[in-house]
Amino acid sequence: MTKHTIQRSALILAFAAGTLALSACQNLSSPTVRFDRQVNYGDAKAVELVTNEFGSTDLQMIAEKMTGGLLETGIFQGRPTVTISTVKNKTSEYIDTTNVMSSIQTALVKSGKVRFVRSINEMQQGVDELQRQNQSGLYKQGTTAKVGQMTAAKYTMEGELTSIVKQNNNTKDVYYKFTLKLFDVQEGTIEWQDEKEIRKTSKR
C-alpha cells in the first residue's frame, strides 16, 4: 500500500467519524417527534358531537348564557366585587365545573363591569404572598402590600350542574341543567339567578 493510499484512507475514516459525531450531537439537541396518526388543529368554537356526554360546546353555551344574563341586568353598576364560591357537580359524570366558572369569570372580567376577588380556593396563595413580602425581610419598607387591606366581595357566585339520563336499546337521552346564583354577601339575598338547559340524544 502506497503512502498516498494510506493518507487517503485516513482522511476518509476521519470524515466518517466526524459525520457520525455530528449526527449524534444533532440527535441529542434536536430530537425528532413522530406520531402514529396525523394531528390537525380544529375550530375551538365548532360544535362537538363526538358523544352526548358533557363537552366543550356545552361549556361554551352555558358560559355565554350566564354571562349575557348577568350583564343585561345592570347589577354590576360601579364595578362591584365578586367571588366564586361552590360549583356542585350533581351529575354521574366527572366534569370539571371550575372550567365552566372560569369561562364565565373571564368574560365578565373582559367586560370591565365587575372586579373579582380571590375565591376560597385561591385565598391561601394570597396569604402566602403577603407573608413573604412582610416577614421575609427581602423588600424595601413602604413597597410591601399591607396586611388587612384586601377588598371583600359584595357578591358571591354559586353554581350547580345536574343531569337526567334515560336510555334504551337504541337511544340515549341526556338532559343537563346548569343553575347559577348571585348572592349579596351582607344580606344573604339572591340578587340574580338563571339557568341553562341542554338536551343531547344519540342513536345507535
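Reader: Which residues of the largest nonpolar core touch the most other members?

Author: A nonpolar core is a set of buried Ala, Val, Leu, Ile, Met, Phe, Trp, Tyr and Cys residues joined through side-chain atoms within 4.5 Å, where buried means under 20% relative accessible area with a 1.4 Å probe, protein chains only. Here the core has 28 residues, and I104, M157, F178, L180 and L182 touch the most other members. At least two of its residues come from each of α2, β1 (81-89), α3 (97-111), β3 (155-167), β4 and β5 (190-203); helices (H or I, at least four residues) and strands (E, at least two) are DSSP runs numbered from the N terminus. This is a predicted model, where local features need pLDDT of at least 70 and side-chain atom pairs 80 or more, while totals for chains, interfaces and linings use all residues. Residues are numbered from 1 along each chain as its sequence is written, and side-chain values use heavy atoms, leaving out hydrogens and water.

Reader: How is an aromatic pair read?

Author: A pair of aromatic rings is described by the distance of the centres and the angle of the planes. Rings of Phe, Tyr and Trp (its six-membered ring) pair if their centres lie within 6.5 Å; planes under 30 degrees apart are stacked, over 60 edge-to-face, the rest tilted. The whole structure holds one such pair. The ring centres of F54 and Y176 are 5.6 Å apart with planes at 80 degrees, so the pair is edge-to-face.

Reader: Are F54 and Y176 buried or exposed?

Author: Both F54 and Y176 are buried. F54 sits in the loop between α1 (3-29) and α2 (56-73) and Y176 in strand β4 (residues 171-184), so the pair ties together parts 122 residues apart in sequence.

How values were computed:
Buried means under 20% relative accessible area, exposed over 50%, partly exposed in between (1.4 Å probe, protein chains only).
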